[in-house]
Amino acid sequence: MREFLLARRLCYRAAVGNAPHRCAAALSVGCLLALSAAAGAAGCASTEYVNEGPGQPTPRASGSLPPGSVGACKQPFTKRPPIVSEELWAHAKPCTPRTPPSYIRLGYAKDGSAGADPEAEQLVEKVLAALAEGTKPDGGNNQVTSAIRAVRSYAARKDELRARIARDSASDQACDVTYLLNTMSAARGKLSGGDACTAEVFDPETRADACLFDAKRPEGLWLSSGWSCMTFTGELGNEASCHQLCGYDDYCARQVYCAAGDVNLLLCALGVCLPEPSAGIK
């Protein structure tokens with residue numbers, strides 16, 4: 001030990017030169033002395049820290065979906081849904097087989113040539129016209145339920161929509177969609193402080209959350225207002241959000257269970273397909 005302490009300092013970085021060959025066979029105090037002597041002759045340089053670079057960017061900075069955000073992609077060869085923001089549609093990446101199933105699929109008129117499907121376009125116009133009248137307490141619900149029947153008939157012939165048709169009705173009578181959405185819209189306006197955006201998704205180009213719906217289209221906003229409990233954005237809290245948005249009104253809550261599947265189907269027919277085949281309270 002004394003001999004080792006008396007040896008010249010051991011430099012971990014310097015070249016050790018031609019150490020005795022016997023050091024390859026056995027590591028002893030003599031070997032350490034030989035190594036330290038060779039290192040001492042070369043001298044020790046100061047400690048150097050290698051620049052390892054900035055490392056991997058965060059998911060948000062790299063444009064990939066960060067935790068807590070909802071992704072959206074656009075279906076190839078489809079048209080922009082009128083209720084979807086033009087900017088978000090331009091920035092959304094095409095859906096591929098590798099796109100996670102949790103992403104919202106955007107686009108309609110898929111079956112036609114280069115996105116031209118007259119039947120789908122006529123249906124969308126019919127639904128939007130019904131939604132424009134849907135807020136009216138007098139006759140609005142008839143307009144919406146009529147649009148729902150038209151969408152169900154259309155969806156029965158389309159593979160991408162058929163699974164979303166509500167199989168069983170929770171009520172013997174037509175759902176009171178107008179009462180439901182009017183009540184939820186009013187409650188949501190209070191809970192959100194008047195923010196018009198009803199659902200946010202991640203924009204990969206701006207690398208920030210952006211409004212999914214076009215604020216200039218009141219039909220889409222009314223349909224989706226307060227429906228964040230159904231669109232899985234988590235914007236207003238947990239699974240109790242729908243009851244919050246109903247103001248804990250039992251009649252409104254019953255309409256949530258009655259109309260959930262039809263609202264989900266309407267959204268998908270308009271080109272905003274939620275990630276689950278059935279939108280309901282979990």
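Predicted model: local features only at pLDDT ≥ 70, side-chain atom pairs only at ≥ 80, totals over all residues.
The protein chain holds 12 helices and six strands, and 42% of its 282 residues are buried. Helix H6 (residues 140–155) packs against helix H12 (residues 250–269), and its axis also crosses that of helix H5 (residues 118–134).

**Chain as a whole**

- Among the contacts in the protein chain with a separation of 6 or more, 71% are accounted for by residues 24 or more positions apart.
- The protein chain has an accessible surface of about 15,700 Å², and 52% of that surface belongs to carbon and sulfur atoms.

**H6 against H12**

- The axes of H6 and H12 lie 10 Å apart, and the two helices pack at an angle of about 65°; because angles of 65 to 115 degrees count as roughly perpendicular, H6 is described as roughly perpendicular to H12.
- The crossing of H6 and H12 is left-handed, and the contact draws on Ala-147, Ile-148, Val-151, Arg-152 and Ala-155 from H6, together with Asp-262, Leu-265, Leu-266 and Ala-269 from H12.
- Sorted by class, the residues of the contact of H6 with H12 comprise seven nonpolar and two charged residues, with no polar ones.

**H5 against H6**

- The axes of H5 and H6 come within 7 Å of each other and cross at roughly 160°; since angles over 145 degrees count as roughly antiparallel, H5 is placed as roughly antiparallel to H6.
- The crossing of H5 and H6 is also left-handed.
- On the H5 side, the residues that meet H6 are Glu-119, Ala-120, Leu-123, Lys-126, Val-127, Ala-130, Glu-133 and Gly-134, while on the H6 side they are Gly-140, Gln-143, Val-144, Ser-146, Ala-147, Ala-150, Val-151 and Tyr-154.
- The contact of H5 with H6 is made up of nine nonpolar, four polar and three charged residues.
- Ala-147 and Val-151 of H6 are listed in the contact with H12, and Ala-147 and Val-151 are likewise among the H6 residues that meet H5.

**Asn-142 in H6**

- Asn-142 belongs to helix H6, and because its relative accessibility is 56%, Asn-142 counts as exposed.
- Asn-142 and Ala-130 stand 12 residues apart along the chain, and their C-alpha atoms are separated by 8.8 Å; Ala-130 is one of the H5 residues that meet H6.

**Loop between E1 and H4**

- Phe-77 sits in the loop between strand E1 (72–74) and helix H4 (86–91), and its phi is near 60°, a positive value in a residue other than glycine.
- With a relative accessible area of 68%, Phe-77 is exposed.
- Ser-85 lies in the loop between E1 and H4 as well, but Ser-85 has 16% relative accessibility and therefore counts as buried.
- Once neighbours within four places in sequence are left aside, Ser-85 is in contact with Arg-80, Cys-211, Leu-212, Phe-213 and Asp-214.

**Loop between H11 and H12**

- Tyr-248 is located in the loop between helix H11 (241–245) and H12, and Tyr-248 has a positive phi of about 60° although it is not a glycine.
- Tyr-248 counts as exposed, because its relative accessibility is 59%.

Notes: Residues numbered from 1 in each chain as written. Heavy atoms only, no water. Axes fitted to C-alpha atoms, helices over the stretch in contact; angles between N-to-C directions. Helix = DSSP H or I, 4+ residues; strand = E, 2+ residues; numbered from the N terminus. Parallel < 35°, antiparallel > 145°, perpendicular 65-115°, else oblique. Left-handed = near helix turned anticlockwise from the far one by under 90°. Contact = heavy atoms within 4.5 Å. Nonpolar A, V, L, I, M, F, W, Y, C, P; charged D, E, K, R; others polar. Buried < 20%, exposed > 50% of the residue type's maximum accessible area, 1.4 Å probe, protein only. Areas by Shrake-Rupley, 256 points an atom, 1.4 Å probe, with all protein chains shown as cover.
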